Amino acid sequence: MKCENFNDIYRKYRGFSINVAHQIIGDEVIAEDISQEVFFHLYEIRETLKFSNEKMIKSLIFTATTNKCKDYFKKSWKKREIYQLDEESYRAVPDERMDPERILFHKEEMKYRKLALEKLRRENPVNYDILMKVKYFEIPPEFVAEEYGITRNNVNNRVLRTKKWMRKEIEKMQKKRL
C-alpha cells in the first residue's frame, strides 16, 4: 500500500503504534491515548513529512510512541496520586522532592521555553523543524540530514546553535520580567 497522505498513514500505522505502546505500558486504554498523542503531533508536522518514505514514517512512529511511553512513566503525578472509584477515597502520597518553590520555578521555566519555541518557529522554521525532529522526536540526524539535503554535521550544528539561541532568548525573557 502506497501511503500518499496523512489519513493513509493513520489508518495503516495506528494499530502498530497502539501495539508498541501496549507492550511498553501494559494498559490498552493508555496505549490508545499515547497513540493518539503521537498521531496528533505527526499531524501538526505533516507538511514536513515525506509520506512516500514508509520506512522512515514507520521508524518515526515507533520512536515517537516509545518516547511518549517514557514520558508517561516520568509523569510526577503518577508517583504522587492514587485514584479509586469514589472521589472521597482520593489521597495524595507525600513526595519530599515536590518542594512548592521548585514546582513554581519549573512552571516558569516551561513557560519561557514554550515562548522561545514559538518565536523560533516564526523566525526560523527550518531550524525549529530540525530541532523538533532530532531532540523531541529523536529521529536520527542522518534521516533529518537526508530529508533536508544537508550533512549530518550540519544538522548537529544547527541543533547546537538553535539550543544556544533558545537559552539566550529565555535569559532575555527572564531579565525583562525582573
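Tyr43 is partly exposed, at a relative accessible area of 39%; that class lies between buried, under 20%, and exposed, over 50% (1.4 Å probe, protein chains only). The model is predicted: local features need pLDDT of at least 70, side-chain atom pairs count only at pLDDT 80 or more, and totals for chains, interfaces and linings use all residues. Residues are numbered from 1 along each chain as its sequence is written, and side-chain values use heavy atoms, with hydrogens and water left out.

Rings of Phe, Tyr and Trp (its six-membered ring) pair if their centres lie within 6.5 Å; planes under 30 degrees apart count as stacked, over 60 as edge-to-face and the rest as tilted. By this rule there are five aromatic pairs. The ring centres of Phe6 and Tyr43 are 5.3 Å apart and the planes stand at 70°, so this pair is edge-to-face. Phe6 belongs to helix H1 (residues 6-25) and Tyr43 to helix H2 (residues 28-44), 37 residues apart; helices are DSSP runs (H or I, at least four residues), numbered from the N terminus. Phe6 counts as buried, at 13% relative accessibility. Phe6, Tyr10, Phe39 and Tyr43 form one aromatic cluster.

For Phe16 and Phe62, the centres are 6.4 Å apart and the planes at 40°, so the pair is tilted. Phe16 lies in helix H1 and Phe62 in helix H3 (residues 54-74), 46 residues apart in sequence. Phe16 is partly exposed at 25%, as is Phe62 at 41%.

A charge sits over a ring if NZ of Lys or CZ of Arg is within 6 Å of the ring centre and within 35 degrees of the ring normal.

| Charged residue | Ring | Distance from ring centre |
|---|---|---|
| Lys58 | Phe16 | 4.9 Å |
| Lys111 | Tyr112 | 5.3 Å |

Technical notes:
Helices (H or I, at least four residues) and strands (E, at least two) are DSSP runs, numbered from the N terminus.
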